Amino acid sequence: MAMEWVRDFYSTTGEWWGAAEARITDRDHRRVDLLRRIAGDRSQRILELGCGYGATAAAMAQAGHTVTGVEISDRVAFAEQFVATAKPGRLSILQQDFYETTLPEPVDAVFYWNGFGVGTDSDQRRLLHRICTEWLRPDGIALIDIFNPFVWARWDGDDDSLEADPARGYRRDLSQHIEFSPVTCSATDTWWETGDPSRKISQTLRCYTPADLRLLLDGTGLRLDQLVVGDDMAGADHDFRSLLQDHYEYVAVLRPILSRPARGGSPATADADSL
């Protein structure tokens with residue numbers, strides 16, 4: 001289940017840089033294009049978990065999809081600008097813990113961008129099971145950003161800073177420190193206002209290799225179908241060498257294990273490791 005630090009961390013950082021980042025960018029349009037590459041051009045009903053400022057949800061709605069976004073933090077205040085200008089019925093944003101979210105009917109696609117890994121492995125399995133059994137159609141897809149431990153491990157001990165740039169919406173000088181635990185395979189990402197180092201906030205993110213993700217999926221009803229690493233998309237057994245150096249996250253394309261019944265036949269069961 002969601003932890004209190006989640007709401008506090010994302011609300012505080014949203015206050016820090018929301019004015020700069022609450023806008024639709026090329027990253028959001030790339031996600032729209034990724035959905036088209038995987039699911040085709042037809043309109044989709046989408047649930048986006050942890051939708052943040054609502055920019056990707058808005059880009060999806062502008063592309064003709066019907067989107068429900070769920071966000072626990074105060075970042076949803078920035079999403080009001082997108083809801084106000086969206087075509088009626090295309091975009092709705094809920095401020096709640098998505099572990100408590102219910103939908104009137106299943107959706108075609110579930111997204112979770114740049115947030116999976118909060119909590120324990122049991123929390124992730126619980127979420128994946130809900131995606132499969134409560135939210136997603138049997139022939140639907142889930143697109144989930146997964147944090148890549150190979151890159152986060154290289155960042156262990158790194159410090160960085162973000163200088164104030166009021167013209168761009170960054171109003172405070174901020175500092176960052178990253179630690180990576182080889183025992184728990186998780187990254188701790190700590191931020192603070194540079195002038196006040198006594199008040200630090202952190203997020204802890206569980207990282208998964210594709211092999212670890214397969215193990216995590218066991219028993220959830222979902223299978224790993226494809227990986228998207230940078231601009232490359234291939235089956236999950238493809239040798240993505242770039243994961244060793246270049247990408248701090250990758251997209252997992254997940255599908256329910258039970259496939260659609262063949263015409264005139266009985267339902268077929270796909271092996272969890274098949275592509």
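Two strands pair if DSSP finds at least two bridges between them. I kept that rule at hand, and I note that this is a predicted model.

I looked up strand S1 (residues 45–49) and strand S4 (residues 107–112) and found four bridges joining them. S1 and S4 run parallel. Within this pairing, Leu 47 stands opposite Val 110 in S4.

I then traced the sheet as a whole. It is an open sheet of eight strands, in the order S3-S2-S1-S4-S5-S12-S10-S11, and its pairing is mixed. Strand S3 (91–95) and S11 each have a single partner strand, so they stand at the edges with one side left without a neighbour in the sheet. From one strand to the next, I read an average twist of 20°.

Next I checked helices against this sheet. H4 lies across S2 and S3 and runs at about 165° to S3. Helix H7 (residues 210–217) also packs on the sheet, where it touches strand S5 (136–147), strand S10 (222–229) and S12. The direction of H7 makes about 155° with that of S10.

**Entry: the sheet of four strands**

I found an open sheet of four strands in the order S6-S7-S8-S9, with antiparallel pairing. Here S6 and S9 are at the edges; each has a single partner strand, so one side of each lacks a neighbour in the sheet. The twist averages 20° from one strand to the next.

I looked at S7 and S8 in particular: they run antiparallel and are joined by eight bridges. Leu 174 has Glu 193 in S8 as its bridge partner. H1 packs on this sheet and touches S6, S7, S8 and S9, its direction making about 120° with that of S9.

**Entry: helix H1**

Where is the kink in helix H1 centred? I found it at Glu 15, with a bend of about 55° in a helix that covers residues 4–21.

I listed the buried residues of H1; among them are Val 6, Phe 9, Tyr 10, Trp 16, Trp 17 and Ala 20. Gly 14 and Gly 18 are also buried. What covers the buried residues includes strand S2 (66–71) and helix H4 (76–85). The cover also includes strand S6 (159–162), strand S7 (174–181), strand S8 (186–193) and strand S9 (200–206).

**Entry: aromatic rings**

I counted 14 aromatic pairs. One of them is Trp 5 with Phe 9, an edge-to-face pair at 6.4 Å centre to centre, with 80° between the planes. Both residues lie in helix H1, four residues apart, about one turn of the helix.

Phe 9 has 3% relative accessibility, so Phe 9 counts as buried. Trp 5 has 24%, so Trp 5 counts as partly exposed.

I also looked up Trp 152 and Tyr 248, an edge-to-face pair at 6.1 Å centre to centre, with 80° between the planes. This pair links distant parts of the chain, 96 residues apart. Trp 152 is in helix H6 (residues 149–154), and Tyr 248 is in the loop between strand S11 (232–235) and strand S12 (249–256). Trp 152 is buried at 6%, whereas Tyr 248 is partly exposed at 32%.

Ring pairs also link Phe 98, Tyr 99, Tyr 112, Phe 116 and Tyr 208 into a cluster.

Methods: Residues are numbered from 1 along each chain as its sequence is written. This is a predicted model: local features need pLDDT of at least 70, side-chain atom pairs count only at pLDDT 80 or more; totals for chains, interfaces and linings use all residues. Side-chain values use heavy atoms; hydrogens and water are left out. The bend at a residue is the angle between axes fitted to the seven residues ending there and the seven starting there. Helices (H or I, at least four residues) and strands (E, at least two) are DSSP runs, numbered from the N terminus. Buried means under 20% relative accessible area, exposed over 50%, partly exposed in between (1.4 Å probe, protein chains only). Contact means heavy atoms within 4.5 Å. Axes are lines fitted to C-alpha atoms, for helices over the stretch in contact, and angles run from 0 to 180 degrees between N-to-C directions. Rings of Phe, Tyr and Trp (its six-membered ring) pair if their centres lie within 6.5 Å; planes under 30 degrees apart count as stacked, over 60 as edge-to-face and the rest as tilted.
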